[in-house]
Amino acid sequence: MFEWAYDGVNVSIPRNVGPECAYYLSPKRRIIETLFISIFIISFLVWGYKRMRLPARASYVDHDRVGRRVLLLVMSLVLGMELGFKFTSRTVIYIFNPCHITTLAQLYLLAADPSPTVTAIFRIHLNFMNGPVLAYLFPETESRKIFADKALYYIQHGLMVVIPYYLLRIGGVYNIEPLSDMSWSVFSYGLNLIYHFWILQPLAWPTQVNLSHMLCPAILDPFEGQNYRLCVFVHQGILCPLLCKLLCYVSNFFLTRFPPTKVKSSLESALPKKKNNYEHNKKLRADTDISGNGHARVN
């Protein structure tokens with residue numbers, strides 16, 4: 001019934017699709033691993049949720065910046081073209097890959113009005129930066145036969161890193177917890193595991209498409225074997241918060257300490273909004289008591 005969504009997947013690429021990949025692990029082992037990981041999922045969510053705190057006072061002033069609108073437009077076009085290629089190549093199932101979901105979250109962050117919800121989603125999505133990093137370290141573009149399609153792969157994943165840095169530059173509603181606070185990272189990793197084991201795995205199994213390597217390991221996976229998913233559970237549990245904290249630390253250095261790129265005193269403070277010429281001239285007339293016809297008033 002839904003073959004149109006995945007029958008264009010390239011079967012010539014090893015461990016990309018097919019029964020060999022789907023039965024790399026036995027159904028019994030998949031169920032046991034899923035139940036085992038689910039215990040950690042619930043623990044991570046409960047532990048993190050009890051300790052997560054949003055700032056009591058934060059600047060929720062809507063600074064409608066040109067850069068934010070440009071990034072929203074560009075990323076929307078990139079994602080739209082990605083979806084177009086997926087539909088024409090009959091590989092729509094790949095829209096469920098985690099990086100596309102993170103991209104949707106970033107589009108929301110760029111478009112939504114400032115609110116505590118935006119802050120929460122922003123903090124959570126910072127823990128999904130393993131996606132673009134791994135995409136550049138281990139690119140999977142063999143199934144993209146058109147040059148434009150391959151170019152979009154790198155553009156999208158590059159923008160996924162640029163956008164959080166830019167939002168941290170704006171500050172205000174886009175703020176982070178202290179670097180020593182692990183509650184958001186633990187909670188976010190629980191959500192990451194939910195998406196992979198509770199959503200992607202049920203999609204990948206009946207279609208036999210290796211979404212996010214939930215069915216079988218990549219050819220170059222150093223942890224290849226029956227325990228590869230348990231190894232992923234461990235090393236991604238370290239990598240996800242590590243990349244999040246590293247991004248925040250580097251952004252803090254360049255935005256608040258490094259003189260050539262310093263724009264504000266602290267990472268959580270909002271970037272001052274530049275006044276336009278109309279506002280500036282209006283304030284100037286008020287300060288100098290100049291009438292609209294260019295003559296000074298005589299009191």
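Is Gly237 buried, partly exposed or exposed, and what is its relative accessible area? Gly237 is partly exposed, with a relative accessible area of 26%. Here buried means under 20% relative accessible area, exposed means over 50%, and partly exposed lies in between (1.4 Å probe, protein chains only).

Residues are numbered from 1 along each chain as its sequence is written, and side-chain values use heavy atoms, with hydrogens and water left out.

**Figure 1. Helices of the chain.** The secondary structure comes to 10 helices and 0 strands. Helices (H or I, at least four residues) and strands (E, at least two) are DSSP runs, numbered from the N terminus. Buried residues account for 43% of the 299 residues. Contact means heavy atoms within 4.5 Å. Among contacts between residues at least 6 apart in sequence, 76% join residues at least 24 apart.

**Figure 2. Confidence along the chain.** pLDDT is the predictor's confidence in each residue, from 0 to 100. The chain has a mean pLDDT of 89, and 89% of its residues reach 70 or more. Confidence is highest in helix α2 (residues 27-51), at a mean of 98, and lowest in helix α10 (residues 277-288), at 47. Where pLDDT is low, the predicted coordinates should not be read in detail.

**Figure 3. Helix α4 against helix α7.** Two packed helices are described by the angle between their axes and the distance between the axes. Helix α4 (residues 98-111) packs on helix α7 (residues 147-170) at an angle of about 35 degrees. Their axes are 11 Å apart. Axes are lines fitted to C-alpha atoms, for helices over the stretch in contact, and angles run from 0 to 180 degrees between N-to-C directions. The crossing of α4 and α7 is left-handed. That term applies if the near helix is turned anticlockwise from the far one by less than a right angle; clockwise is right-handed. On the α4 side, the residues in contact include Cys99, His100, Thr103 and Leu110. On the α7 side they include Gln156, Met160, Ile163 and Leu167. The residues of this contact divide into 8 nonpolar, 6 polar and no charged. Ala, Val, Leu, Ile, Met, Phe, Trp, Tyr, Cys and Pro count as nonpolar, Asp, Glu, Lys and Arg as charged, and the others, Gly among them, as polar.

**Figure 4. The largest nonpolar core.** A nonpolar core is a set of buried Ala, Val, Leu, Ile, Met, Phe, Trp, Tyr and Cys residues joined through side-chain atoms within 4.5 Å. The largest has 31 residues. Those with the most contacts inside it are Ile37, Ile41, Leu193, Val209 and Leu211. Helices α1 (19-22), α2, α5 (116-125), α8 (183-207) and α9 (228-256) each supply at least two residues. α8 gives the most, with 9 residues. Leu193 touches Ile37, Ile41, Phe44, Trp198 and Phe233, not counting residues up to four places away in sequence. Apart from this core lies another, of 30 residues, among them Val78, Leu79, Leu109 and Val118.

**Figure 5. Asn192 in helix α8.** Asn192 lies in helix α8. Asn192 is buried, with a relative accessible area of 11%. Neighbours within four places in sequence aside, Asn192 is in contact with Phe128, Asn130 and Cys240.

**Figure 6. Gly237 in helix α9.** Gly237 sits in helix α9. Leaving aside neighbours within four places in sequence, Gly237 is in contact with Tyr189 and Val232. Gly237 and Ser185 are 52 residues apart in sequence, yet 9.2 Å apart in space, C-alpha to C-alpha.

Figure 7. Most residues other than glycine have a negative phi. Arg15 has a positive phi, near 60 degrees. Arg15 is in the segment before α1. Its relative accessibility is 24%, so Arg15 counts as partly exposed. Gln208 also has a positive phi, of about 60 degrees. Gln208 lies in the loop between α8 and α9. At 23% relative accessibility, Gln208 counts as partly exposed.

Note on methods
This is a predicted model: local features need pLDDT of at least 70, side-chain atom pairs count only at pLDDT 80 or more; totals for chains, interfaces and linings use all residues.
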